[in-house]
Amino acid sequence: FKRMVASTGCVTGITFLGSESSLATIYPNPVESELTVTTSENAEELTIISLEGKEIRKIKVQSSQERIDVRDLATGIYFIGIKSAHGTSKQKFAKL
């Protein structure tokens, strides 16, 4: 299930309900320059992964809200992997 987060009629992000919702929320989605990842658990590492499965970038989590500069990514679909002591999950995002 998906829950869309809307503000003044515009979709600003998507939260995945179920096991992934407990690990992180990402926004805006789609993103142009800066992706914000808010974690509700003690996430350890974030990984940007291409649609083909190639690991693009690893980010060591410093706080419960990380801002990731994605301006250097080509337009397309990516995944963000969230690793914590409780497991891992992936969420999809679109880069404009």
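**Entry 1. Terms and source**

I take buried to mean under 20% relative accessible area, exposed over 50%, and partly exposed in between (1.4 Å probe, protein chains only). The model is predicted, so I note that local features need pLDDT of at least 70 and side-chain atom pairs count only at pLDDT 80 or more, while totals for chains, interfaces and linings use all residues. Residues are numbered from 1 along each chain as its sequence is written, and side-chain values use heavy atoms, with hydrogens and water left out.

**Entry 2. Salt bridges**

I looked up salt bridges next, each being a side-chain nitrogen of Lys or Arg within 4 Å of a carboxyl oxygen of Asp or Glu. I find a count of 5 by this rule.

I began with E34 and R67, whose side chains form a salt bridge at 3.8 Å, N to O. This pair connects distant parts of the chain, with E34 in strand β4 (residues 34–39) and R67 in strand β7 (residues 65–69), 33 residues apart. I record E34 as partly exposed, at a relative accessible area of 40%. R67 is exposed, at 52%.

I then turned to R57 and D72, where the closest N and O atoms of the salt bridge are 2.8 Å apart. R57 belongs to strand β6 (residues 55–60) and D72 to the loop between β7 and β8 (76–84), so their pairing ties together parts 15 residues apart in sequence. R57 is partly exposed at 21% relative accessibility, and D72 is exposed at 59%. I also note a network in which salt bridges with shared partners join E45, E55 and K58.

Within that group I checked K58 and E55, whose side chains meet in a salt bridge at 4.0 Å, N to O. K58 is partly exposed at 46% relative accessibility. E55 is partly exposed, with a relative accessible area of 46%.

**Entry 3. The sheet**

Which order do the strands of the open sheet follow? I read β6-β5-β8-β9, 4 strands with antiparallel pairing. The edges are β6 and β9, each with a single partner strand, so one side of each has no neighbour in the sheet. On average, neighbouring strands of this sheet are turned by 20 degrees against each other, direction ignored; the axes are lines fitted to C-alpha atoms (for helices over the stretch in contact), and angles run from 0 to 180 degrees between N-to-C directions.

I count two strands as paired if DSSP finds at least two bridges between them. β8 and strand β9 (residues 87–95) pair in the antiparallel sense over 9 bridges, and they form a hairpin with 2 residues between them. In this pairing I find G76 opposite K95 in β9. Strand β5 (residues 43–50) pairs with β8 over 7 bridges, also in the antiparallel sense. Here A43 stands opposite S84 in β8.

**Entry 4. N29**

Is N29 buried or exposed? I record N29 as buried, at 11% relative accessibility. The residue lies in the loop between β3 (24–27) and β4.

I looked up its polar contacts, defined as pairs of N or O atoms within 3.5 Å; within protein, one atom must be able to donate a hydrogen and the other to accept it, and residues adjacent in sequence count only if both atoms are side-chain atoms. A polar atom of the N29 side chain lies 3.1 Å from the backbone oxygen of K92. The N29 side chain also reaches the backbone nitrogen of A94 at 3.0 Å. I note that N29 and A94 are 65 residues apart in sequence and 6.1 Å apart in space, C-alpha to C-alpha.
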